[in-house]
Amino acid sequence: MKKSVIKLWSVLAISTTFFFASCSSDDDSSSSNESTVEVDANDFQGTFAGEGTDVVLDPSKVYKLTGPVKILENATLTIPAGTRIEATGGTSAYIAIGQNAQIFVNGSANAPVVMTSGTNNPTPGDWGGLVICGNAPINRAGSAMSEVGDLPYGGNLVSDNSGSIQYLRVEYSGANFTAEKEFNGVSFFGVGNGTTVNYVQVYNGSDDGFEWFGGTVNTSNLISIGNQDDQFDWTEGWNGTNTNWYAKEAFGQGNRGIEADGNGTNNELTPYSNPTITGLTLIGIPESGEPQGMKLREGTQGKFSNVVLANWDTGIDIQHDLTLSWIPTNLFIDGVKFVNVGTVSKGKNSAGESIDVSSAYTINEAATGAGNGVNLPSWAQGWTNVQGL
């Protein structure tokens with residue numbers, strides 16, 4: 001990838017790596033090794049690395065993301081509440097956080113951080129999205145590089161800390177590299193559970209809303225609306241504890257509510273995917289290309305409770321021998337309310353034979369899902385984009 005050069009307020013050249021920095025003279029608490037980076041808001045791109053290098057954005061400005069922003073080894077990206085980032089350039093515009101680097105999105109309910117399209121007519125796939133790579137365990141054999149961004153991920157640090165994300169909205173993401181590679185809205189590659197992820201929305205993207213590639217990161221209050229592939233997707237051994245997920249397909253496009261895998265090449269590889277999700281609402285549309293509320297396969301485990309599935313041809317679809325073997329101990333859905341669902345559940349073993357999977361769940365007509373049944377929950381109101389719903 002061609003290295004980009006950024007216009008910054010001041011220039012500091014260190015060896016062959018260029019840092020553009022302006023150090024505050026009135027911050028007595030700053031170490032002499034700290035370098036606060038203030039970028040050109042009209043040309044936001046570049047690669048930043050090095051101990052104490054903190055790229056700090058100004059919420060009074062609108063940042064034009066004109067190319068890739070890569071925050072690498074020991075650097076940080078800090079985005080205050082109310083900051084708006086508008087991206088142009090398709091696959092060349094994305095934000096990636098590498099291993100041993102951190103992102104701090106400090107939004108609030110009244111002033112979320114917004115990463116969106118910078119075009120006059122925003123559409124899904126206008127730009128990349130947010131990619132975070134950590135050092136937590138994965139079950140992928142061999143070296144692991146992020147499918148877009150080409151950054152390494154995975155390791156043995158269960159509690160690895162990639163920073164904190166709170167009240168973030170990602171819109172019109174999912175730029176297409178190839179037929180096999182597309183950005184998601186937010187991609188977690190081996191991200192550890194020292195990372196905070198609360199109150200995040202992905203809206204109207206061209207691929208998945210959220211996707212996890214292994215790791216142990218926990219989340220709460222996620223909302224995925226109108227993304228054209230799956231709203232939530234995981235693989236490669238993701239383990240995390242999660243509460244309050246709400247997803248709704250829209251705009252006449254979309255596939256599954258959840259697509260969950262262990263490892264598609266070898267279902268036996270460990271760690272097994274095994275998230276816990278409490279409070280889950282998944283709403284489909286008649287036009288869904290793959291109209292399953294929950295597709296659980298390829299060796300994934302999982303424990304779900306208080307679930308609402310609405311407007312799907314199939315509510316729960318479980319496939320492959322190892323996945324089926326986890327029922328009902330390591331794969332179980334406790335308390336599901338089905339609303340306008342054609343086939344409540346179905347299963348298929350690795351030989352393609354139909355299997356009864358009714359022991360994988362219980363029904364609870366009083367389930368509230370993410371908090372308000374099929375309706376937008378109170379925690380998602382005000383800071384999210386709900387146009388078109």
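**View 1. Lining of the largest pocket in the predicted model.** By class, this lining comprises 17 charged, 7 polar and 6 nonpolar residues (nonpolar: Ala, Val, Leu, Ile, Met, Phe, Trp, Tyr, Cys and Pro; charged: Asp, Glu, Lys and Arg; polar: the others, Gly among them). The 30 lining residues include E147, E211, F213, T235 and E236, which lie nearest the centre of the pocket. Strand 16 (210–213) and strand 18 (232–235) are the elements that give two or more residues to this lining. A pocket is an open set of points on a 1 Å grid over the protein atoms alone where a 1.4 Å probe fits, with protein on both sides within 12 Å along at least five of seven lines; lining residues have an atom within 4 Å of a point. The model is predicted: local features need pLDDT of at least 70 and side-chain atom pairs pLDDT 80 or more, whereas totals for chains, interfaces and linings use all residues. Residues are numbered from 1 along each chain as its sequence is written, and side-chain values use heavy atoms, without hydrogens and water.

**View 2. The largest nonpolar core.** This core has 70 residues, and F44, L77, W212, W245, M294 and F304 have the most contacts inside it. A nonpolar core joins buried Ala, Val, Leu, Ile, Met, Phe, Trp, Tyr and Cys residues through side-chain atoms within 4.5 Å, buried meaning under 20% relative accessible area with a 1.4 Å probe, protein chains only.

**View 3. Surroundings of W212.** Beyond its neighbours within four places in sequence, W212 is in contact (heavy atoms within 4.5 Å) with residues including F188, F232, W234, W238 and W245. Another core, of 13 residues, lies apart from the largest one and includes A96, L151, F183 and F213.

Conventions:
Helix = DSSP H or I, 4+ residues; strand = E, 2+ residues; numbered from the N terminus. Buried < 20%, exposed > 50% of the residue type's maximum accessible area, 1.4 Å probe, protein only.
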